[in-house]
Amino acid sequence: MMSKRQDYEAQTEKLILPILEKYGFELYDVEFVKEGSTNYLRAYIDKPGGIAVNDCETVAREMNPILDEKDYIPDSYVFEVSSPGLGRPLKKDKHLKKSIGEEVEIRTFRPIKHEKQFTGILKRFDADNIVIEDEDETELTFARADIALIRLAFDF
């Protein structure tokens with residue numbers, strides 16, 4: 001049984017995919033979240049070389065009338081289209097698969113050997129675990145249930 005949030009996200013995904021295919025964009029993620037007193041329906045899109053503001057505007061302009069017509073979200077909300085960003089969270093297996101060999105940052109719910117934040121190269125993953133290699137070339141295995149956040153690492 002899907003929650004309301006999951007249902008809204010799934011329906012949005014189904015409706016936005018044809019628009020994205022038309023422009024050669026890919027869907028990174030869809031989320032329906034409440035921030036303060038406002039609900040947000042967000043679509044994160046990507047393409048090789050990155051997404052520009054114009055790309056987001058184009059997709060939003062085509063998607064807005066469809067959302068108005070289908071009207072499957074009874075609550076008021078703000079629809080946004082954006083890039084997943086540099087420090088994008090890796091929420092789904094498809095995100096992890098695409099990021100094998102990339103540097104990632106992992107934050108855990110509880111300290112592991114007195115640390116809650118780890119950085120390394122994503123080596124592999126399965127249904128239960130994620131494995132990274134740290135700067136000392138030591139493999140570290142994390143149970144997915146222990147991970148609060150995993151995202152691409154970025155340096156400034």
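The model holds 4 aromatic pairs, where rings of Phe, Tyr and Trp (its six-membered ring) pair if their centres lie within 6.5 Å, with planes under 30 degrees apart counted as stacked, over 60 as edge-to-face and the rest as tilted. This is a predicted model, in which local features need pLDDT of at least 70 and side-chain atom pairs count only at pLDDT 80 or more, while totals for chains, interfaces and linings use all residues. Residues are numbered from 1 along each chain as its sequence is written, and side-chain values use heavy atoms, with hydrogens and water left out.

Select Tyr 8 and Phe 32 to begin: their ring centres are 5.0 Å apart and their planes stand at 80 degrees, so the pair is edge-to-face. Tyr 8 belongs to helix α1 (residues 4–23) and Phe 32 to strand β1 (residues 26–35), so that the pair links distant parts of the chain, 24 residues apart; helices (H or I, at least four residues) and strands (E, at least two) are DSSP runs, numbered from the N terminus. Both Tyr 8 and Phe 32 are buried, a term for under 20% relative accessible area, as against exposed for over 50% and partly exposed in between (1.4 Å probe, protein chains only).

Tyr 23 is partly exposed at 34% relative accessibility, whereas Phe 25 is buried at 10%.

Now select Asn 39, in strand β2 (residues 38–46), which is buried with a relative accessible area of 11%. A polar atom of the Asn 39 side chain lies 3.2 Å from the backbone oxygen of Ser 76. Leaving out residues up to four places away in sequence, Asn 39 touches several residues, including Phe 32, Ser 76 and Tyr 77, where contact means heavy atoms within 4.5 Å.

Finish with the strands, which pair if DSSP finds at least two bridges between them. Strand β4 (residues 103–112) and strand β5 (residues 115–125) run antiparallel, joined by 6 bridges, and form a hairpin with 2 residues between them, where Lys 113 in the turn has a positive phi of about 50 degrees. Select Ile 121 in β5 to see Glu 103 opposite, and then Glu 133 in β6, which Ile 121 also stands opposite.

Note on methods:
Polar contact = N/O pair within 3.5 Å; in protein donor to acceptor, adjacent residues only side chain to side chain.
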